[in-house]
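Welcome, and thanks for taking a look with me. Please have the sequence and the 3D view open side by side as you read.

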Amino acid sequence: MKLALLGYGKMGRAVEAAACERGHTVGVTIDDEDDWMAKLDDVKGCDMAIDFSTPGTAVSNIMRCFDLGLPVVVGTTGWYGQLEGVVHDCEQRGRSLFVASNFSIGMNIVFDLNRRLAQLMNGREEYSVGITETHHVHKLDAPSGTAIALARDIVDEVEGKDDWCLVHEGTKPGKGDVPIVSVREGEVPGIHEVVYDSEIDRITLRHEAKSRRGLAVGAVLAAEFLKGRKGYYTMRDLLANS
C-alpha cells in the first residue's frame, strides 16, 4: 500500500519505519494546513491514511479523508467527545475508519485482562480502584485515551462506578468515580497501571511500552486489516480476525 501519514512527529516516523519493514511505501506526509494545500494530489494518490496528529486536527483530517474516499486509521486521542458523530458520518457515507486508543497488541491483551479482573472485583467493596498513566512530556492530552478506555471498562463491569475523573493534586474523587492520575515526564513511551487496593493487599495490572515500535506496528496491521473494508473498526475487530 501507499500510505499518507497525517502527523509526522516521532510517532509518524515510527509508523513510517514499520510500514517500510512490511513492504509498504509512504506517499506523502502531512503536518499542517500548508501541507494539505500543497500536497493534496499526493494524498489522493495514496491507498490509506494513518493519523497520529493532534487532538485539535484529528477530526478535520478524518473528514478530509472521508471527502476523498480514503480509508483512515486513527491513533490520535483526545478527540473522542466527537467520536459518535464521526462514526455516524462514516457509516452514513460508506467510508472506512479504524480507531484505537492504543495499537499495541500487548496493551489490547491487557484490556481483556482488565475487563476480566473488573468482573472478578465487582462487589468487593473492600477494594478501591484507580489508574495511573505515565507518558512523555510531549503528549498533549491527559488522561491518555488508553487510561480512559481502561476506566470505562471498569465502569461497565463494577457496580457503583459511574464515570472516571482526572485527579489533580489536592482533589478527591467521588465514590462512583474511577480516578486517573496522569504523569508527564521525560521520554516515557507509555506506562499504564490499574490498582485495586485494600487494607490487606494490593492487586496491580501493569503494561509498560518499551518503545513506540509496538504502537507503530499495530497501526500498520490496522491499515492492512482496513484495506477493502467499509465501516468502523477497532482493535477488537482486528484481534478477532487475526
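Here are a few points to guide your reading.

1. A word before we start: this is a predicted model, and the points below should be read with that in mind.

2. Let's begin with helix 6, which covers residues 145–157 and has 13 residues. From its first C-alpha to its last it reaches 19 Å, close to the 18 Å expected at 1.5 Å a residue.

3. Which residues of helix 6 are buried? They are Gly145, Thr146, Ala147, Ile148, Leu150, Ala151, Asp153, Ile154 and Val155. The packing partners of these buried residues include two helices, helix 5 (105–121) and helix 8 (235–240). Strand 6 (128–135), strand 7 (163–166), strand 8 (177–184) and strand 9 (191–197) also pack against them.

4. Strand 6 and strand 9 run antiparallel and are joined by seven bridges. As an example to find in the viewer, threonine 132 stands opposite glutamate 193 of strand 9.

5. Strand 9 also pairs with strand 10 (residues 202–208), in the antiparallel sense and over seven bridges. Tyrosine 196 has isoleucine 203 in strand 10 as its bridge partner. Four residues sit between strand 9 and strand 10 in the hairpin that they form.

6. Finally, please visit glycine 45, in the loop between helix 2 (33–44) and strand 3 (48–51). Its relative accessibility is 43%, so glycine 45 counts as partly exposed. Glycine 27 is 18 residues away from glycine 45 in sequence, and their C-alpha atoms are 7.6 Å apart in space.

Key: Residues are numbered from 1 along each chain as its sequence is written. This is a predicted model: local features need pLDDT of at least 70, side-chain atom pairs count only at pLDDT 80 or more; totals for chains, interfaces and linings use all residues. Side-chain values use heavy atoms; hydrogens and water are left out. The expected span of a helix is 1.5 Å times one less than its number of residues. Buried means under 20% relative accessible area, exposed over 50%, partly exposed in between (1.4 Å probe, protein chains only). Contact means heavy atoms within 4.5 Å. Two strands pair if DSSP finds at least two bridges between them.
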